[in-house]
Amino acid sequence: MKKGKITVAALALAAGVASSAAGALLITGAGATFPYPIYSKWFSEYNKLKPELQFNYQSIGSGGGIQQITNKTVDFGASDAPMTDAELDKAPGALQHIPTVLGSVVVTYNGPMPSLKLSPEALAGIFLGKITKWNDAAIAADNAGVTLPDAPIAVVRRSDGSGTTAVFTDYLAKVSDEWKTKVGAGKSVSWPVGLGAKGNEGVTGLVKQMPGAIGYVELAYANQNKLPKAAIKNAAGKFVDPSIEATSAAAAGVEIPADYRVSITNSKAENAYPIASFTYLLVYKDQGDAEKGAALVNFLWWAIHDGQKMAQALDYAPLPAAVVTKVEATLKALTVNGKPVAL
Amino acid sequence: MVLVVGGLIVWSLADLAVPAARSLGFFRFLVGREWDPIAERFGALPFIYGTVVTSVLASVLAMPVGVALALFVSDMIPARFRSWISFPIETLASIPSVVFGLWGLFVLVPVLRGHVQPFLAKTLGFLPLFQGPPIGLGLMAGGVILAIMILPTIASVTLEVLKTVPLTLREGALALGATRWEVIRMVVLPYSRAGILGAGLLGLGRALGETMAVTMLIGNSPEIRASLFAPGYSLPAVIANEFAEATGAIHMGALAGLGLVLFGTTLLLNSLARLLMSAVGGAGRVAV
């Protein structure tokens, strides 16, 4: 409670400084770090269209974003993982998840093999510590023609709580019962094996310098750093290389509920990359501030249409058309003090 | 003022830790060896172990080097060359810890993995301290980087202490026919032992709380293993790693609890060292 008050004071101060400078309408948000690059691009592009509107986004982590939108200290929150029922119950009003873009988690490795295919069983076995050598039969079976070294596998995983870990462990829990009961899924888990490194950059640094290492990073990060990426066998039995198209395809193979709180890992779609997820903005269904509320809903409308075109250049996967249609209806249902917003 | 701030910090941490203490029990939290945020089972022991092992290793490595450096500067070289040695040491103190961490990751760890650890395993491998696969990353890497980081503290405080040794004592010893080494051993060191201990304590205090460099090198795995080659985890590192994304009052509370444990560990070591200092005595006491 005390903490809440301090945050309010700090934010009020920050907001006061910013708005007194420009005299513009300032919309504040806080949350996930993963979508920060695309969000800041959107905010600056949208500001060019509507100079009277300014955004201030603090990428403090999904947990902090959920906490701040629950305390109403920000106008919108952002989270990689959907909020739980318990978290939603704590909020003073009904919150709506708005999916903005998709991301995926890539398995990267350090070894002499030019390419690597992994079945879900092999992947879970490696991260459970049951498969300890690169030339294990479970890996070799899917990699005919590739010479696998007779070397130990060194598992590298995130040490900081992160949405990337949440998506990765969510996938492992779906494909491996043993993972589900022994480890579970979440932002921080009790890992059976491996070394922990901080952030995508930490995992990359370790994997790059340790022969025989395997780790997981975000697709955007892997692309920008040209890391080797393993193809993963999806639910349809096909080995799929991680790519932006394959990530968008993952959303097509899953029934999307009205509140969008759904895991799209292990998607049934034929060309889907199986370790993918939405990232969300969190807004109240009924906005209290007439001016800000209308501006925010209009911005969201822009983000799911024009904004999507900027996603690919920044290595995010745009929403599939079916999802955009669905979000349109959701945005139309948002209200300001009980009245619908003019779009 | 300091007491008030300290009290407020403890109070707000304790306030945060209440839900965890209720669900886990204070004692079970302290000696628990498991850290499972999903099942909400939290134990502090692996982190206490990692913190103490890396900090003690750092002190053991840095104390002889730091004291030797200070003696070299104060007693062995002409006064006009002193700044040639002391300036680089003090510069070392101003390097940000994340830079130490990066250097450790890209330079120190490969050296440990490729040369130091295989050598230790071959020569001293019968000791449990040096067994297991040489990964590079782990308790040893954390301890060595901390040793480098606390070296300036130890060396510069020791140097100040050595300067307080009265010139008359040194001259007296020399007049009695003592060699330079005998002056150091029989006059300088006994006179300043409490102060040197204080220097070590300041270094240890810095090592206990160091976060960034350690989390980059320690391996971040909550395990208790005898080998220095094994990965570990330290109290500040886990707080920094998990706090931003901690969801749920119990996880948050457990992290706040670790903060209190860190506070307690520092307090305990400080008090012990003070006791030790007053037991050792000596005139060249410095304020710590």
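This is a predicted model: local features need pLDDT of at least 70, side-chain atom pairs count only at pLDDT 80 or more; totals for chains, interfaces and linings use all residues.
User: What makes domain 1 and domain 2 of chain A separate domains?

Analyst: The bounds come from an automatic or database domain assignment. That assignment divides chain A into domain 1 (25–103 + 277–340) and domain 2 (104–251 + 265–276). Their centres, taken over C-alpha atoms, are 29 Å apart. Contact (heavy atoms within 4.5 Å) takes 17 residues from domain 1 of chain A and 14 residues from domain 2 of chain A.

User: How do you know how many salt bridges and polar contacts cross that domain interface?

Analyst: A salt bridge needs a side-chain nitrogen of Lys or Arg within 4 Å of a carboxyl oxygen of Asp or Glu, and the rule finds 0 of them between domain 1 and domain 2 of chain A. A polar contact is a pair of N or O atoms within 3.5 Å; within protein, one must be able to donate a hydrogen and the other to accept it, and residues adjacent in sequence count only if both atoms are side-chain atoms. That rule finds 4 residue pairs, both at pLDDT 80 or more, across the interface of the two domains of chain A.

User: What makes up the interface of chain A and chain B?

Analyst: Here 29 residues of chain A are in contact with 29 residues of chain B. The two chains bury about 2,200 Å² between them, 53% of it on carbon and sulfur atoms. The rule finds 0 salt bridges between chain A and chain B, but 9 residue pairs are in polar contact there, both at pLDDT 80 or more. On the side of chain A that touches chain B, the residues divide into 8 nonpolar, 14 polar and 7 charged; Ala, Val, Leu, Ile, Met, Phe, Trp, Tyr, Cys and Pro count as nonpolar, Asp, Glu, Lys and Arg as charged, and the others, Gly among them, as polar.

User: Why are β5 and β10 of chain A called edge strands?

Analyst: Because two strands pair if DSSP finds at least two bridges between them, and β5 (117–118) and β10 (239–240) of chain A each pair on one side only. Their open sheet of 3 strands has the order β5-β9-β10, with mixed pairing. Strand β9 (residues 231–233) and β10 of chain A are antiparallel over 2 bridges, and A:Lys233 has A:Phe239 in β10(A) as its bridge partner.

User: How do you know how many helices and strands chain B has?

Analyst: Helices (H or I, at least four residues) and strands (E, at least two) are DSSP runs, numbered from the N terminus. Chain B comes out with 11 helices and 2 strands.

Methods
Residues are numbered from 1 along each chain as its sequence is written. Chains are lettered from A and ligands numbered from 1 in the order in which they are written. Side-chain values use heavy atoms; hydrogens and water are left out. Buried area is the accessible area (1.4 Å probe) that two parts lose on being put together, summed over both.
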